[in-house]
Amino acid sequence: MADAAQNRPKTEKELKKEAEKAAKIAKFEEKQKKLAEQKAKAAASDKPKEVKAKKEPTANVIPVDATEPGKKKEISAEIPSAYSPSYVESAWYSWWEKEGFFKPEYIDKLNPGTNPESFTICIPPPNVTGTLHVGHALATTVEDTITRFNRMHGKRTLFNPGCDHAGIATQVVVEKRLKRERGLTRHDLGRDRFNQEVWHWKNEKGDVIYDQFRKLGASVDWDRAVFTMDPKMCRAVTEAFIRMHESGTIYRSNRLVNWSCALRSAISDIEVDKKELTGSTLIAVPGYDQKIEFGVLNSFAYKIEGSEEEIVVSTTRIETMLGDSGIAVHPDDQRYKHLVGKKCIHPFIPSRQLPIFADSFVEMEFGTGAVKITPAHDHNDYDVGIRQNLPFHNCITDDGLISNGCGQFSGMKRFDARAAVIEALKEKGLYRGKEDNPMVVPTCSRSKDVIEPILKPQWYVKCQHMAEKAVAAVANGDLQIIPEFHKATWNRWLEASRDWCISRQLWWGHRIPAYFVSFSDKREQPLPEEEYWVSARTEQEARQKAAKKFSVSEELIQLKWDEDVLDTWFSSGMWPFAVFGWPDATKDMGLFFPSAVLETGHDILFFWVARMVFMAQELTGKLPFKEILLHAMIRDAHGRKMSKSLGNVIDPLDVIRGVTLEGLQAQLLSGNLDEKEIAVAKAGQARDYPDGIPECGVDALRFALLAYTSQGRDINLDVLRVQGYRFFCNKIWQAVRFSLNQFSEKPEQKPSFNVDLGKATPTDKWILSRLAKTVKETNESLKAYNFTQATTVTYNFWLYDFCDVYIEAIKPVLYGDNAELRQIAISVLHLCVDTGLRLISPLMPFISEELWQRLPRLADADYSAPSIIVAQYPLPERYEKYQNEKLEAAFEFAKEVVGKVRSLRADYDLTARTKISIQILAETAEDQAMLNDLAAVLSVLTWSKTVTILGQSEKEKIEKGSAHIACGSRCQVYINLTGIIDISKEIEKLGAKLQKNEISVKKISDIQSTADYEQKVPSGIRARDQEKKASLEKEIENITAAIAQLKALN
């Protein structure tokens, strides 16, 4: 039993050691049994016996489930002797799904005539291109745990699934496939045929991620699954655009966008990766044979018109000087004050004059203090260009070529022009050199192309008024953000939010329902371009709107449908209400909107979460959900971001099923890594997973991920910790297996749901009190989304209270002759198992269902259900009667005594078979009485033949030849070693053990003191090293004390 002070979840090492120990004992007992049988047979006959082939031990045989999909699992056979994740997780999900347990309507079948509260959570729609990664596993586990918890509390519960069409990601995947398999581009097919190819791909591959959600146990209503290109979503998106355009919230403007030349499309901020450079760096850019230099500041001179003077400017993108419109200096910069108002001559475009002007945005200390302004290709310069009324010169085309009108550079690829411009400046004597410059290079996450800011007429959403409402909703408490520290980020982003560009130059997605209007009589169109657009559901409606807007007949109207599609985040922003049938006032809209909670990663708080709040408030007048629950980002055991090139990406299915190192490395070959990256990734995998990843199962993975959720912004995931929870599953399995055997041991005795406390022993009352507290704390934790606390509370109850103490303590009762006490004991056993399984059901749905279904149903139970997932969650008020704080305090004291005795036994290598006599000298009469009441428990848990509790007046009764240990300030524990050990030999043995431990500690210390230990060794391994070292040092301390005691006895 663990020391009370060590009331923590056991490490995977401790659990593994226990499992190995149990296996060894079972193997030994089996061997002894066989030897006894052989001796008996030999005694009965002297005839030689035929040697038979050895049978595989039953414990090693993994049971196989042959249940037909959708049928209830066949579990009438004896419970398997060991926990097998693959066996336990088979069959249950398809049965749950077929029975309709995941549907919100099931509550009416279970409790007819009631009108329960609704609980809704919408799954953040993963990309249809995606496969399950560990971030999905974390999100799905949290969402499903919340859902299952509320379902078991009797709410009309809906966990709504779906997936996103993922405009850019999907188009890129299908384009690559077309090129690889058929040598075609999308332009070879045309828009309609290309979109047919995408639909074909989606229908072929799109269910992969749904199947993976099933493997994780996500209890979603699959009949309500929504794809963001489904007809009802298309209708909702079209309606939203039209309403927002007509209200002026959506408008058209010519502005800078993040442009991917490789994709020939604008992309959203979240699709831009920011590559930080410390100085000169060569980067591979798609479409170029040679790597391109970034991270340098090039300086060159502009000549002042009508003067011999020059002004030197610096830039990291020298090719954009072909789009320069002016030169800015700071108003207070005395170096250039005399040049303000003058003009420079462009060296390659003589017709272009560049005014020199003062603007306070310039940093005098940066570079030369003079800044070239390129309004059409730089976000900061764009604002300056508007402010100073400068002309906008586009110098880079959509496909990354230098535009016409740029002299000898026109038609060149942009980065070829970079080198050519430098050479041309050198020839003219205008180049002034380069220097390293720390900078951030924006790249497209899809194509790896370097992003080019380009001026484009696009559709935008006005965000200021929506952002103000979103900030206010959080400020006044209508919308909760959990954890609260994310509120600062919410406010900072929204208070500085810019208008949102929603145009994307793609073919796959929601085509923008807007039409450009011209006239067949070729009349002049003097208004700005944005004035000639109308939005409509159909071309006929657009024609009618245009005719009315411009007061002409419909026959004169010519329409051109916008080629662009909407940003994927636009349709995703409508997810919480569009899935329920908006704009129609459907029954589902009334029942399930707004949602109770939105759970997602904090990295998309602005990109997606804020936009859902924007869209819902704008289009429905309501917040889309009441709470925003943000989970941390998962990193590897070293704290590094997961990356395929590092080989540290963890596929949850590998953790669930297990995979060899060879299997892991084979997965690298199916990706897009080059040979060097594969070599690096393989080395990383070999270092982190030398033996592969062990099979852990879904329940262990879910429990581990929930246990990790307290780590703030980042989670460093150590797979071996997941394995530790797999051992925990085995502990639960063995405890329930033991209990089932007790329920069937004596057919005339059946457990009862209601326990007669008047006849219960202190041990029974204690475990019931611990159960009541666990019920209370688990409910509180899950309601507050404190999943770490929920895992800790349930883990501690099952492991430390139920398995380590209660089961061991009641064995004399279970195997004894007192029928009344045994009746109470099996009833308490049943109540603990039944309640404990229901408590962990939302966290570990498979093992809890498998074991709960095997429990005998009790006629006097306060609930009934066909499955644990729709059974009543244990309610604190129904367990309050069992709470007994005084008894719990007494047991904590007793557990501390047991821990000390077991520690002392370990010091002298006394196994459980060696029965001892102990005396406990209590400091107070109160403690003496308390320990006397628990003497029977102490005897069982310390493997003692006698336990004597002495008061302070009975010190003379302490037996000579006893080793002793203090238990705090409350008592002294004495073990009589007379006749049990040979003191001289024991001192010699302990001395050898001491020396061995000291050598082991030195080895660990030497490893820890190496120069790169902190950097190269994963945090999980470092923690285990330190834990092992601390354990050895504690053992050295105990052995030293034991030797001293033995010498004193000698």
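Analyst: What follows describes the sheet and then a pair of packed helices. The model is a predicted one, and the description should be read with that in mind.

The sheet is an open one, built from three strands in the order S23-S22-S24, with antiparallel pairing. Its edges are formed by strand S23, residues 533-535, and strand S24, residues 557-561, each of which pairs on one side only. From one strand to the next the twist averages 40°. Looking at one of these pairings in detail, strand S22, which covers residues 514-519, joins S23 in the antiparallel sense over three bridges, and tyrosine 515 is found opposite valine 534 of S23. Across S22 and S23 lies helix H10, residues 231-246, which runs at about 130° to S23.

Turning to the helix pair, helix H24 (residues 719-745) packs with helix H28 (residues 845-854) at an angle of about 5°, their axes being 11 Å apart. Because angles under 35 degrees count as roughly parallel, H24 is described as roughly parallel to H28. On the H24 side the contact involves Cys729, Ile732, Trp733, Val736 and Leu740, which meet Ile847, Glu850, Leu851 and Arg854 of H28.

Terms used:
Residues numbered from 1 in each chain as written. Predicted model: local features only at pLDDT ≥ 70, side-chain atom pairs only at ≥ 80, totals over all residues. Heavy atoms only, no water. Pairing = 2+ DSSP bridges. Helix = DSSP H or I, 4+ residues; strand = E, 2+ residues; numbered from the N terminus. Axes fitted to C-alpha atoms, helices over the stretch in contact; angles between N-to-C directions. Contact = heavy atoms within 4.5 Å. Parallel < 35°, antiparallel > 145°, perpendicular 65-115°, else oblique.
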